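Me: I have a structure open and want to learn how to read its features. Where do we begin?

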Amino acid sequence: VAGTHYYPGFPFRLSKSEVEVRRAAPTLGQHNGYVLGELLGLSTDRIGELETQGIIGTIPQETERARSLG
């Protein structure tokens, strides 16, 4: 979502392990459906309720609050 960015390196190095980035870090809430639905067995209706209540989501709370203020 944010594009490709270059970083100076990993914050740690292990002497006997290769460090490799295989995929980007997940975005906020990217795996909610998988974790809550498939792993924990919540229904899609229940997951929708949690989103409506603001308990889970994909937009940071402060951003949602700022948008509602206009």
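Reply: Begin with how helices are assigned. Helices are DSSP runs of at least four residues, numbered from the N terminus. This model is predicted. Helix H2 covers residues 44–52. Arg46 and Glu49 both lie in H2, 3 residues apart, about one turn of the helix.

Me: How many salt bridges are there, and which residue pairs with Glu49?

Reply: The test is a Lys or Arg side-chain nitrogen within 4 Å of an Asp or Glu carboxyl oxygen. The count here is 1 salt bridge. Glu49 pairs with Arg46, and their closest N and O atoms are 3.0 Å apart.

Me: Where is confidence highest, and where is it lowest?

Reply: Where pLDDT is low, the predicted coordinates should not be read in detail. The protein has a mean pLDDT of 85, with 90% of its residues at 70 or more. Helix H1, residues 32–39, is highest at 97. Helix H3, residues 61–69, is lowest, with a mean of 68.

Me: Which residues form the nonpolar patch on the surface?

Reply: Patch members each have over 30% relative accessible area. Here they are Phe10, Phe12, Leu14, Val19 and Val21. Together they have about 450 Å² of accessible area. Leu14 sits in the segment before H1.

Me: And what lines the largest pocket?

Reply: A pocket is an open set of points, unlike a cavity. The largest one holds about 320 Å³ of space. Its lining has 11 residues, with Gly3, His5, Tyr7, Ala24 and Ala25 closest to the centre. The lining divides into 6 nonpolar, 4 polar and 1 charged.

Notes:
Residues are numbered from 1 along each chain as its sequence is written. This is a predicted model: local features need pLDDT of at least 70, side-chain atom pairs count only at pLDDT 80 or more; totals for chains, interfaces and linings use all residues. Side-chain values use heavy atoms; hydrogens and water are left out. On a 1 Å grid over the protein atoms alone, a cavity is a set of points where a 1.4 Å probe fits but cannot get out, and a pocket is an open set with protein on both sides within 12 Å along at least five of seven lines; lining residues have an atom within 4 Å of a point. Grid points are joined across faces, edges and corners, and a volume is the space filled by probe spheres set on the points. Ala, Val, Leu, Ile, Met, Phe, Trp, Tyr, Cys and Pro count as nonpolar, Asp, Glu, Lys and Arg as charged, and the others, Gly among them, as polar. pLDDT is the predictor's confidence in each residue, from 0 to 100. Helices (H or I, at least four residues) and strands (E, at least two) are DSSP runs, numbered from the N terminus. Patches are made of residues with over 30% relative accessible area and no salt bridge: like charges are joined within 9 Å, nonpolar side chains (Val, Leu, Ile, Met, Phe, Trp, Tyr) within 5 Å. Accessible areas come from the Shrake-Rupley method with a 1.4 Å probe; for residues, only the protein chains shown count as cover.
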